Amino acid sequence: MSRKIHIFDTTLRDGEQVPGAKLNRRQKLEIAEQLAKLGVDVIEAGFPCSSPEDLQAVRSVAEQVKGPVIAGLARAVPQDIDIAWEAVQKAERPRIHVFLGSSDIHLQKKLRQDRESALQRAVDAVRYAKKYCEDVEYSTEDASRSDFEYLCRVVDACIQAGATVINIPDTVGYAIPDQFGELILKLKETVPALDRVRLSVHCHNDLGLAVANTLAAVRNGAEQVECTINGVGERAGNASLEEIVMAIRTREAFFDAHTDIRTTEIYRTSRMVSRLMNIPVQPNKAIVGANAFAHSSGIHQDGILKDRSTYEIIRPEDVGIKAHTLVLTARSGRAALRHRLKELGYDLTPEQFERVHQRFLNVADRKKEISSQDLNSIVEIELSKVPETYTFESLQIMSGSTMTPLASVTLMKEGTAFTDAATGNGPVNAVFNCIERIIGQQGTLRDYDLKAVTMGKDALGEAMVRVEIGGAIYSGIGTSPDVIEASARAYVNAFNRFFANSH
Ligand SMILES: CC(=O)SCCNC(=O)CCNC(=O)[C@H](O)C(C)(C)COP(=O)(O)OP(=O)(O)OC[C@H]1O[C@@H](n2cnc3c(N)ncnc32)[C@H](O)[C@@H]1OP(=O)(O)O
Ligand SMILES: CC(C)C(=O)C(=O)O
Ligand SMILES: [Mg+2]
């Protein structure tokens with residue numbers, strides 16, 4: 001059986017130190033209930049001495065959330081410890097988490113204490129906490145910048161004083177994975193008492209290495225990892241829970257370790273934390289970002305459709321995401337387009353498919369993403385196509401509030417380009433006048449309708465026209481991300497119907 005790695009979630013404490021992410025009691029409870037469902041081993045619910053509301057919030061979590069250990073943070077100050085105990089005492093399994101800096105930088109510049117008196121203060125604080133609570137975690141703040149000999153002395157003394165968990169924080173994200181892994185290994189070799197307690201790490205992401213450092217520590221014997229959902233936390237954040245958990249699970253043999261996290265709850269938890277803290281998740285965020293399981297390039301999409309293992313190392317369902325998505329863009333290929341068309345219920349002939357593909361590329365070059373509604377519109381236009389006497393090629397417009405709009409349009413007929421220019425009382429009118437000059441046939445616009453087929457700033461516009469030509473009414477339809485071009489395509493389409501009817 002592989003080693004169990006205990007997951008200590010500090011979203012509600014270190015995560016909440018993000019400016020603007022403060023949670024009230026009700027929100028903390030909601031997240032804590034979800035963390036319990038996720039299966040974390042420890043919830044650090046807050047820093048109870050920091051405010052009366054946080055004391056109440058931690059107390060509510062302790063009283064109501066069953067399953068995980070509930071921890072409250074305290075400085076090495078008796079009053080903080082009193083309040084932390086007041087907050088967590090009703091938990092099924094309470095823990096007091098005490099911390100004090102151990103680096104010379106913190107001792108000299110912040111705490112203004114010498115090493116020996118700080119060591120005594122740490123020991124006194126653990127003993128004081130121990131009077132209340134069996135489970136006491138001690139953190140050597142800024143451990144990765146601390147003198148190694150001194151760090152070992154502090155760790156040993158705190159274990160002798162009764163600490164049950166020793167946490168080694170990389171408080172300022174200064175560590176490098178090889179070095180941090182070695183620090184954990186050396187600590188275990190140098191402080192035999194560590195065998196009696198749980199060894200934990202707590203990494204910050206200032207150099208983008210929080211998860212890498214945490215995993216290096218796991219490889220070298222750490223048994224508890226402190227982390228947050230979505231990697232939220234002070235400054236550049238903490239190690240991300242979902243990344244650590246999925247790395248250990250995906251590479252279980254390599255780590256020879258496992259966690260008890262119900263990974264199918266990861267995505268739901270991530271969404272909840274993002275919503276309640278009002279912190280969006282970056283789209284390319286590993287595991288929970290919007291693009292984490294989205295495939296948009298043709299070669300990848302083709303591979304995914306043949307066998308998901310070609311480009312997916314995690315099944316989206318395993319983290320609670322419904323399915324992988326094939327995003328249609330200008331970089332997509334025929335395999336993905338064919339797949340989406342089939343999903344939408346289209347059964348196209350090879351010739352129809354090629355026409356749709358050409359039009360798809362044409363639109364995709366100007367639009368970031370082609371949605372299913374875009375595709376419906378493209379297909380409907382291509383399938384209802386009349387023989388194209390004229391095809392739209394390009395247009396230019398000069399228009400403004402103080403000038404007469406001028407349009408130049410190029411249409412193709414039997415391989416030859418025809419270009420002309422015309423003015424109008426608006427840009428669309430100028431384009432229509434220009435098309436009539438090229439075709440040499442007058443039309444009277446009877447109806448004109450323009451709508452966005454899809455949402456967003458780059459929505460596909462669909463223009464529909466009804467034009468009276470030679471005494472009969474012909475309808476035309478055109479789409480483009482550019483509404484004037486959609487109008488021009490619709491107008492040409494109406495004339496093509498007229499020609500198809502006259503032949
Ligand atoms: C690495 C971490 O994430 S540590 C946790 C950080 N989180 C927070 O600070 C959020 C909650 N904090 C707070 O609400 C407040 O800072 C409080 C209630 C803890 C303290 O507030 P105040 O009494 O007003 O002190 P203030 O915040 O101005 O300064 C911190 C004091 O704690 C001391 N201190 C800092 N860490 C510790 C510690 N681990 N043990 C003992 N004292 C400490 C500082 O030296 C300073 O003392 P000084 O005023 O004698 O110089
Ligand atoms: C309180 C401690 C564990 C901490 O958050 C840190 O050192 O980053
Ligand atoms: Mg921290």
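In this predicted model, the shell around ligand 2 divides by class into three nonpolar, five polar and two charged residues. The residues that surround ligand 2 are Asp 14, Leu 73, Phe 99, Ser 139, Glu 141, Asn 167, Pro 169, Thr 171, His 202 and His 204. Two strands, β6 (136–141) and β7 (165–170), each contribute at least two residues to this shell around ligand 2.

| Helix pair | Axis separation | Crossing angle |
|---|---|---|
| α16 (residues 427–439) and α17 (residues 483–502) | within 10 Å | roughly 35° |
| α8 (residues 210–219) and α9 (residues 241–250) | 10 Å | about 45° |

Helix α16 passes α17 in a right-handed crossing. On the α16 side of this contact are Pro 427, Val 428, Val 431, Phe 432, Ile 435 and Ile 439, which meet Ile 484, Ser 487, Ala 488, Tyr 491, Val 492 and Phe 495 in α17. By class, the residues of the contact of α16 with α17 comprise 11 nonpolar, one polar and no charged.

Helices α8 and α9 pack at an angle of about 45°, and they are therefore oblique to each other. The crossing in which α8 passes α9 is right-handed. Here Val 211, Thr 214, Leu 215 and Val 218 in α8 meet Glu 243, Ile 244, Ala 247 and Ile 248 in α9, and the contact of α8 with α9 has six nonpolar, one polar and one charged residues.

Terms used. Residues are numbered from 1 along each chain as its sequence is written. Chains are lettered from A and ligands numbered from 1 in the order in which they are written. This is a predicted model: local features need pLDDT of at least 70, side-chain atom pairs count only at pLDDT 80 or more; totals for chains, interfaces and linings use all residues. A residue is near a molecule or strand if its C-beta atom, placed from the backbone, lies within 6 Å of it. Helices (H or I, at least four residues) and strands (E, at least two) are DSSP runs, numbered from the N terminus. Ala, Val, Leu, Ile, Met, Phe, Trp, Tyr, Cys and Pro count as nonpolar, Asp, Glu, Lys and Arg as charged, and the others, Gly among them, as polar. Axes are lines fitted to C-alpha atoms, for helices over the stretch in contact, and angles run from 0 to 180 degrees between N-to-C directions. A crossing is left-handed if the near helix is turned anticlockwise from the far one by less than a right angle, and right-handed if clockwise. Two residues are in contact if their C-beta atoms, placed from the backbone, lie within 7 Å. Angles under 35 degrees count as roughly parallel, over 145 as roughly antiparallel, 65 to 115 as roughly perpendicular and the rest as oblique.
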